[in-house]
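Hi,

Here is the structure I promised to pass on.

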Amino acid sequence: MEDKALLSSAVLIGIGGATGVHENSIVLDGSSLYVATGDALYSLSLPTLELNWCQQVDLAACFEVFLLPNRDCLLTCGELEISCYSKVGEKLWGFCGGDIFTGEIEIKNNIAKVSDFIGDIYEIELSNGKIVNIENK
């Protein structure tokens with residue numbers, strides 16, 4: 001809102017698991033707004049909020065989206081899949097663990113670290129989605 005005047009609005013209607021609004025459910029890159037909700041990732045143009053594209057990124061629920069500026073792409077963390085997408089919605093890679101992902105994702109030094117329901121911890125290389133290390137519980 002600028003000077004308390006509504007500039008634009010959008011309603012996103014989708015399917016998939018229940019997700020909430022939190023710090024990592026949206027990300028901005030200057031020209032687009034990316035929203036992780038339900039089972040999908042939405043790209044909306046700024047400032048009009050017109051839909052650029054929408055992709056189903058998880059069979060159940062997409063919880064988080066992160067902008068990877070050094071790779072110029074988006075990382076999604078879902079219930080069943082960790083994936084990387086270009087800014088135009090093209091899937092670059094995806095990884096499914098042994099069980100549903102339940103832990104917070106940690107991103108550091110081109111590695112994403114996340115745990116699943118049974119406690120296994122995966123380290124995923126962000127450039128290609130390959131597993132660097134698995135700590136089994």
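Below is what turned up, starting with the salt bridges and ending with the strands.

A word on the ground rules. This is a predicted model, so local features need pLDDT of at least 70 and side-chain atom pairs count only at pLDDT 80 or more, while totals for chains, interfaces and linings use all residues. Residues are numbered from 1 along each chain as its sequence is written, and side-chain values use heavy atoms, with hydrogens and water left out.

**Salt bridges**

Side chains of opposite charge can pair when their charged atoms come close. I counted a salt bridge when a side-chain nitrogen of Lys or Arg is within 4 Å of a carboxyl oxygen of Asp or Glu. Searching the whole structure on that basis gives 4 salt bridges.

(Strands here are DSSP runs of E, at least two residues, numbered from the N terminus.)

Lys87 also forms a salt bridge with Asp72, at 2.9 Å, N to O. Asp72 lies in the loop between strand S5 (62–68) and strand S6 (73–78) and Lys87 in the one between S7 and S8, so this pair ties together parts that are 15 residues apart in sequence. Put together, Asp29, Asp72 and Lys87 are linked in a network of salt bridges.

How exposed are these three? For accessibility, buried means under 20% relative accessible area, exposed over 50%, and partly exposed in between (1.4 Å probe, protein chains only). Lys87 is partly exposed at 25%, Asp29 is partly exposed at 22%, and Asp72 is partly exposed at 48%.

Another salt bridge joins the side chains of Glu81 and Lys91 (2.6 Å, N to O). Glu81 sits in strand S7 and Lys91 in strand S8, 10 residues apart. Glu81 is buried, with a relative accessible area of 13%, whereas Lys91 is partly exposed at 43%.

**Ser86**

Strand S7 (residues 81–86) also holds Ser86, which is buried at 12% relative accessible area. Which residues does Ser86 touch, leaving aside its neighbours within four places in sequence? They are Trp53, Cys73, Leu74 and Leu92, where contact means heavy atoms within 4.5 Å.

I call two strands paired if DSSP finds at least two bridges between them. Strand S10 (residues 111–115) runs antiparallel to S11, with 5 bridges joining them, and Ile111 stands opposite Glu125 in S11. Their hairpin has 5 residues between the strands, and Gly119 there takes a positive phi near 100 degrees.

S11 also pairs with strand S12 (residues 131–135), in the antiparallel sense over 4 bridges. Here Ile124 has Ile131 as its bridge partner in S12. This hairpin also has 5 residues between its strands, and Gly129 in the turn has a positive phi of about 80 degrees.

Why is S11 (residues 121–125) described as largely enclosed by the rest of the structure? Because 4 of its 5 residues are buried.

Cheers
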